[in-house]
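Visitor: I'm new to this one and would like to ask a few things as I look around. Could you walk me through it?

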Amino acid sequence: MLKGKHIVLGITGGIAAYKSAILLRLFVKSGAEVQVVMTPSAREFITPVTLSALSGKPVVSEFFTANTGQWNSHVDLGLWADAMVIAPATACTIGKMAHGVADNMLVTTYLSAKAPVFVAPAMDLDMMAHPSTVANIELLRNYGNHIIEPEEGELASHLVGKGRMAEPATICAAVEAFFAGQEELKGRKALVTAGPTQEMIDPVRYISNYSTGKMGYAIAEELACRGAEVTLVTGPVALKARHQRITTVPVVSACEMLEACQAHFPDVDIAVMTAAVADYRVASQATSKIKREGHDAPELKLVKNPDIAATLGAAKRPGQLLVGFALETDNAEANARAKLQRKNLDFVVLNTPNGIDSGFGTDNNTITIIKADGTLSHYDNKPKTLVARDVVDQIVTML
Ligand code: C5P
């Protein structure tokens with residue numbers, strides 16, 4: 001199932017490192033070519049000889065090979081990889097990855113990798129439960145990494161709890177499932193809008209909203225991971241799309257976003273509108289800064305912005321799938337259903353900003369998917385990366 005795939009297997013210094021040899025065997029059996037990268041402390045737990053014998057390649061651990069002076073290029077390795085799998089991932093390495101502390105070959109390779117990264121944490125239960133570990137894992141998840149959850153059970157310390165590295169067969173199956181899933185949307189094109197729009201008042205001021213783009217970027221990443229070519233039309237946000245199948249089109253205002261969407265919509269099979277488009281813009285934008293001194297407070301006349309989703313909905317042709325989001329505070333379900341019809345959507349993803357850890361700017365979201373045929377599915381509160389998976393699962397079943 002992993003035939004011809006290049007896997008960089010990163011091993012860090014934890015007791016579970018002995019299981020990495022079994023994982024390596026499983027990857028090779030599945031058809032992958034594996035290059036092992038170890039942190040210096042991992043060498044205390046399992047020898048490079050075992051791993052180079054199993055992979056058929058010298059293990060990389062230092063920036064250069066001491067006796068020959070040969071430079072080990074983390075950039076080349078990062079580009080070679082179709083996937084990077086870090087198993088076991090200790091609290092230390094997870095912290096370094098989350099914060100870009102690139103002081104060893106494994107973390108530099110991780111930072112250079114363009115491919116999907118799988119992280120299998122393994123540590124004692126208290127380390128696992130520490131807020132800094134929890135936050136670092138969350139950061140890695142939000143950067144688009146795949147976390148292979150540790151299991152509960154007896155740990156090396158003889159304490160019992162969550163922290164055991166997932167079994168090698170589970171890790172191998174997750175990577176295989178990822179590559180199998182990658183084919184799902186192969187040959188499909190998708191358009192995603194994300195983030196807020198900014199509506200200029202004058203050259204230094206604008207009207208906008210609290211959207212951070214997290215949900216839209218997660219959907220774009222998920223679509224790309226499943227094989228789609230994605231055009232991500234994004235308002236101003238602090239995020240960066242990582243996947244090579246995502247082409248980012250940055251825009252600022254709703255009118256610019258509409259123009260970019262209209263240019264791409266005719267070519268796509270799927271369009272997901274997650275952007276929080278400003279409903280209004282200033283009727284006449286000042287070309288120089290509005291001054292306070294010697295003037296009364298200006299009155300801003302607002303005009304309605306175009307409804308991008310509705311414009312695309314009106315132009316939708318058979319076979320195209322259009323998905324919208326609805327952020328509602330009151331009469332959520334009824335409003336979402338009305339939106340679905342008005343904008344000619346195939347389904348609407350309802351979320352409420354007043355839920356616990358849900359809505360604008362949060363890492364998590366709680367959604368309900370409402371389809372055009374009236375059926376409704378509720379989902380638990382979960383990270384936006386996993387919400388994106390649920391939304392894309394729905395897209396795949398409807399295509
Ligand atoms: O009407 P409302 O803003 O609540 O609708 C939300 C949905 O419509 C989202 O999918 C959003 O991206 C999209 N939308 C749009 N253009 C607008 C307003 C909303 O595409 N001007």
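Visitor: What is Ser61 in contact with, leaving aside its neighbours within four places in sequence?
Guide: With those neighbours set aside, Ser61 is in contact with Met38, Thr39, Pro40, Arg43 and Met105, where contact means heavy atoms within 4.5 Å. Please keep in mind that this is a predicted model, in which local features need pLDDT of at least 70 and side-chain atom pairs count only at pLDDT 80 or more, while totals for chains, interfaces and linings use all residues. Residues are numbered from 1 along each chain as its sequence is written, and side-chain values use heavy atoms, with hydrogens and water left out.

Visitor: Is Ser61 buried or exposed?
Guide: Ser61 is buried, with a relative accessible area of 5%; buried means under 20% relative accessible area, exposed over 50%, and partly exposed in between, using a 1.4 Å probe and protein chains only.

Visitor: And which side chain does Ser61 join in a polar contact?
Guide: The side chains of Ser61 and Arg43 are joined by a polar contact of 3.2 Å, and a polar atom of the Ser61 side chain also lies 3.3 Å from the backbone oxygen of Met38. A polar contact is a pair of N or O atoms within 3.5 Å; within protein, one must be able to donate a hydrogen and the other to accept it, and residues adjacent in sequence count only if both atoms are side-chain atoms.

Visitor: Where does Ser61 lie?
Guide: Ser61 lies in the loop between H2 and H3, and Lys57 is found in the loop between helix H2 (48-55) and helix H3 (74-80). Helices (H or I, at least four residues) and strands (E, at least two) are DSSP runs, numbered from the N terminus.

Visitor: What does the side chain of Lys57 make a polar contact with?
Guide: The Lys57 side chain makes a polar contact of 2.9 Å with the side chain of Glu33. Not counting residues up to four places away in sequence, Lys57 touches Glu33, Val34, Gln35, Ser52 and Trp80.

Visitor: New topic: what is the order of the strands in the open sheet?
Guide: The open sheet of 5 strands runs E2-E1-E3-E4-E5, with parallel pairing, and two strands pair if DSSP finds at least two bridges between them. Strand E2 (33-38) and strand E5 (146-147) stand at the edges, each with a single partner strand, so one side of each has no neighbour in the sheet.

Visitor: How many bridges pair E4 with E5?
Guide: Strand E4 (residues 117-121) pairs with E5 in the parallel sense over 2 bridges, and the bridge partner of Phe118 in E5 is His146.

Visitor: What about the ligand, which residues are around it?
Guide: Among the residues around the ligand are Met273, Thr274, Asp307, Lys339 and Lys343, each having a heavy atom within 4 Å of it. A nitrogen atom of the ligand is 2.8 Å from a polar backbone atom of Pro306, and a nitrogen atom of the ligand is 2.9 Å from a polar backbone atom of Ile308. An oxygen atom of the ligand is 2.8 Å from a polar backbone atom of Phe325.

Visitor: And what is Met215 in contact with, again leaving aside its neighbours within four places in sequence?
Guide: Met215, which has its place in helix H9 (residues 214-225), is in contact with Phe325, Asn365, Lys384, Val387 and Ala388 once those neighbours are left aside. Met215 is buried, with a relative accessible area of 8%.
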